[in-house]
Amino acid sequence: MNMSQLETLLTISKTMSFRKAGELLNLTQPAVSAQIKSLEDEFKTVLIDRNQPVTLTDHGKVFLEHAEQILSIVEELKMKLSDLNQTPQGHIILGTTASIAVQILPRVLSYFQNQYPLIKTTIYTMPSTQVMNSVESGTLDVGITYLSEKIPNIDSSILYYDTFELVVSPDHPLSHLNHTTIDKLKDVPMIMLAPDTLGRRFVDGIFNKYNVQPNIVMELSSSEEIKRMVEIDLGAAIVSKLSIPNELKLGTLKMIKVNELETPHPVGVVYKSGRYLNTAMQQFLSDLKGMPEHHFISSE
């Protein structure tokens with residue numbers, strides 16, 4: 001058994017075709033067939049059902065699970081050997097919320113990529129709770145998100161603090177106020193974050209604490225979407241303070257202080273405990289943790 005045979009089996013499982021697998025691997029179809037036949041002979045079993053479309057047998061599915069583990073171990077070994085090179089390089093898959101991606105990441109990544117051009121970064125935006133789940137499952141290498149309770153198998157480090165604030169359009173009936181209280185929002189049409197976000201859970205907790213039933217007219221997945229709806233006066237909203245400096249400067253949103261919301265929320269970097277950190281990850285985490293808070297929260 002060799003690695004190319006395992007890679008061939010994995011490719012066939014994805015393409016369901018000996019021909020397509022050969023094209024992807026730059027092998028002839030007979031060479032693909034010979035590799036699979038060699039595996040089947042060595043393990044005295046049938047791995048592939050060769051009817052169209054090609055599928056794995058039950059034995060093939062079990063074999064594939066272990067093949068994927070072996071290939072993953074080999075890939076990690078390659079990274080460790082590559083990391084003996086002193087130049088930080090590699091690929092980082094990062095997940096964060098839409099607001100953090102827009103407001104925070106450009107400053108962070110512009111500095112980082114100028115310093116380490118050999119490190120490639122892929123960024124996905126998603127709800128805050130999904131960031132945690134994806135880091136835990138290994139789909140993401142690292143996440144930047146709001147931190148709540150401690151999660152087993154996840155390491156975290158606080159980068160800065162944010163608060164949630166009430167915002168309205170300049171034409172909203174409340175726009176003349178500088179301060180209000182949570183009970184005054186009972187009948188105000190509210191545009192809210194989706195229930196699967198940490199921000200929404202916090203806001204729901206505040207409303208519940210003061211026995212206020214909000215008038216929710218719309219739910220959206222990110223603060224960026226919510227701000228656009230508030231700007232055209234479809235309702236008021238409670239969003240991250242660090243997501244609104246541009247709108248406040250332009251005058252498209254008005255912020256109203258609500259004392260009950262004045263709780264600092266830590267935003268931090270999260271990654272899976274015990275996983276191998278290649279040089280790219282080590283350098284990224286080191287630089288991120290070493291940045292002063294004002295680097296993140298500057299409105300410039």
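**Buried side chains and helix packing in a predicted model**

A polar contact of 3.3 Å joins the side chains of E165 and K257, where a polar contact is a pair of N or O atoms within 3.5 Å, of which, within protein, one must be able to donate a hydrogen and the other to accept it, and residues adjacent in sequence count only if both atoms are side-chain atoms. The structure is a predicted model, in which local features need pLDDT of at least 70 and side-chain atom pairs count only at pLDDT 80 or more, while totals for chains, interfaces and linings use all residues. Residues are numbered from 1 along each chain as its sequence is written, and side-chain values use heavy atoms, with hydrogens and water left out.

E165 belongs to strand β7 (residues 164–168); here helices (H or I, at least four residues) and strands (E, at least two) are DSSP runs, numbered from the N terminus. With a relative accessibility of 0%, E165 counts as buried, a term that stands for under 20% relative accessible area, whereas exposed stands for over 50% and partly exposed for values in between (1.4 Å probe, protein chains only). A further polar contact, of 2.9 Å, links the side chain of E165 to the side chain of T163. When neighbours within four places in sequence are left aside, E165 is in contact with A237, I238, V239, K241, M255, K257, L261 and E262, contact being defined as heavy atoms within 4.5 Å.

Two further buried residues lie in loops. S243 is placed in the loop between β11 (236–240) and α10 (245–250), and at 1% relative accessibility S243 counts as buried. A polar atom of the side chain of S243 lies 2.7 Å from the backbone oxygen of S240, and, leaving aside neighbours within four places in sequence, S243 is in contact with S99, Q103, S223, E224 and K227. P214, in turn, is found in the loop between α8 (198–209) and β10 (215–220) and is buried, with a relative accessible area of 13%. Not counting residues up to four places away in sequence, P214 touches K186 and F207. From C-alpha to C-alpha, P214 and L27 are 62 Å apart in space, and they are 187 residues apart in sequence.

In helix α2 (residues 18–25), the buried residues are F18, A21 and G22. These residues cover an arc of only 100° around the axis, which puts them on the same side of α2, the arc being that of the directions from the helix axis to the C-beta atoms. The exposed residues E23 and L24 are carried on the face of α2 turned away from its buried side, while the cover over the buried residues includes α1 (3–15), α3 (29–43) and β1 (48–49). At the start of α2, a side-chain oxygen of S17 reaches to within 3.2 Å of the backbone nitrogen of R19. In helix α6 (residues 105–115), the buried residues are L105, V108, L109 and F112, and, seen down the axis of α6, they fall within an arc of 85°, so they line one face of the helix.

Two packed helices are described by the angle between their axes and the distance between the axes. The helices α2 and α3 pack at an angle of about 105°, with their axes 8 Å apart, where axes are lines fitted to C-alpha atoms, for helices over the stretch in contact, and angles run from 0 to 180 degrees between N-to-C directions. This makes α2 roughly perpendicular to α3, since angles of 65 to 115 degrees count as roughly perpendicular, under 35 as roughly parallel, over 145 as roughly antiparallel and the rest as oblique. The contact is made by F18, R19 and G22 of α2 together with Q29, V32, S33 and I36 of α3. The axes of α1 and α3 come within 9 Å and cross at roughly 110°, and α1 and α3 are therefore roughly perpendicular to each other. In this packing, S4, Q5, T8, L9 and I12 in α1 meet V32, Q35, I36, S38 and L39 in α3.

Most residues other than glycine have a negative phi. N26, which follows α2 and is placed in the loop between α2 and α3, has a positive phi near 60°, and N26 is exposed, with a relative accessible area of 71%. For D233, in the loop between α9 (223–231) and β11, phi is also positive, near 65°, and D233 is partly exposed, with a relative accessible area of 33%.
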